[in-house]
Amino acid sequence: MNRCHWCGNDPLYVKYHDEEWGIPVHTDKKHFEFLVLESAQAGLSWITILRKRENYRKAYDDFDYINIAQYDKEKVAELVQNPGIIRNKLKIAASINNALMFIKIQEEFGSFDAYIWAFVDNKPLINHWDNIENVPATSDLSDVVSKDLKKRGFKFIGSTITYAHLQATGIINDHITSCFKYIGDLTVK
């Protein structure tokens, strides 16, 4: 079975590629989970974050952004000491801040999903890359979305992180043309 080469043979990476990456997400909780994980990834490899994902799930109340928005100094201190996650104070502070901003977007648009999918008129962008080296790290779309998120108060959300979010949540489908997922598994998550 042909896959995008980036996932290699690591079973966790293959499972993520086959079952999640590029499949349209329409639940706010899943969007928030990816925002936390992608922000944590900054400067690191995605496989590092995938290996810590369950630790994040436990440490971050199963990505319940309402609870996370209420984290206090004691909870931050606890997270900084947690060896199961990336213990970067700025990334942890950003996740709490972003939970607050996420809720504000929900209040304005009805859901984060409605907000983020409106950038593509609710239709996934399916790219036609024949080689993984052609897949960009950013795009005009990720620049626009990142700029808007920053304007709304989000932290640790540059264009590269935003592009990763758009890919992970199926807003952009960057499976290469030889990958069995290229046509697009549009199963809603």
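**Core, loop and a buried histidine**

In this predicted model, the largest nonpolar core has 54 residues, and Y56, Y60, F112 and F154 have the most contacts inside it.

Reader: Which residues does Y60 touch, not counting residues up to four places away in sequence?
Author: Y60 is among the residues with the most contacts inside the core. With residues up to four places away left out, the residues touched by Y60 are V36, I68, Y71, L79, I85, I92 and S95.

Reader: Is F63 buried or exposed?
Author: F63 lies in the loop between α3 and α4. F63 is not a glycine, yet has a positive phi of about 60°. Its relative accessibility is 0%, so F63 counts as buried.

Reader: What is the relative accessibility of D61?
Author: D61 is found in the loop between α3 (46-59) and α4 (65-68). Although not a glycine, D61 has a positive phi of about 50°. D61 counts as partly exposed because its relative accessibility is 32%.

Reader: With which side chain does the side chain of H17 make a polar contact?
Author: H17 is found in helix α1 (residues 11-19) and is buried, with a relative accessible area of 0%. Its side chain reaches the backbone nitrogen of C4 at 3.5 Å. Residues touched by H17 include W6, C179 and F180. The polar contact between side chains, at 3.2 Å, is with H175.

Definitions and conventions. Residues are numbered from 1 along each chain as its sequence is written. This is a predicted model: local features need pLDDT of at least 70, side-chain atom pairs count only at pLDDT 80 or more; totals for chains, interfaces and linings use all residues. Side-chain values use heavy atoms; hydrogens and water are left out. Helices (H or I, at least four residues) and strands (E, at least two) are DSSP runs, numbered from the N terminus. Buried means under 20% relative accessible area, exposed over 50%, partly exposed in between (1.4 Å probe, protein chains only). A polar contact is a pair of N or O atoms within 3.5 Å; within protein, one must be able to donate a hydrogen and the other to accept it, and residues adjacent in sequence count only if both atoms are side-chain atoms. Contact means heavy atoms within 4.5 Å. A nonpolar core is a set of buried Ala, Val, Leu, Ile, Met, Phe, Trp, Tyr and Cys residues joined through side-chain atoms within 4.5 Å.
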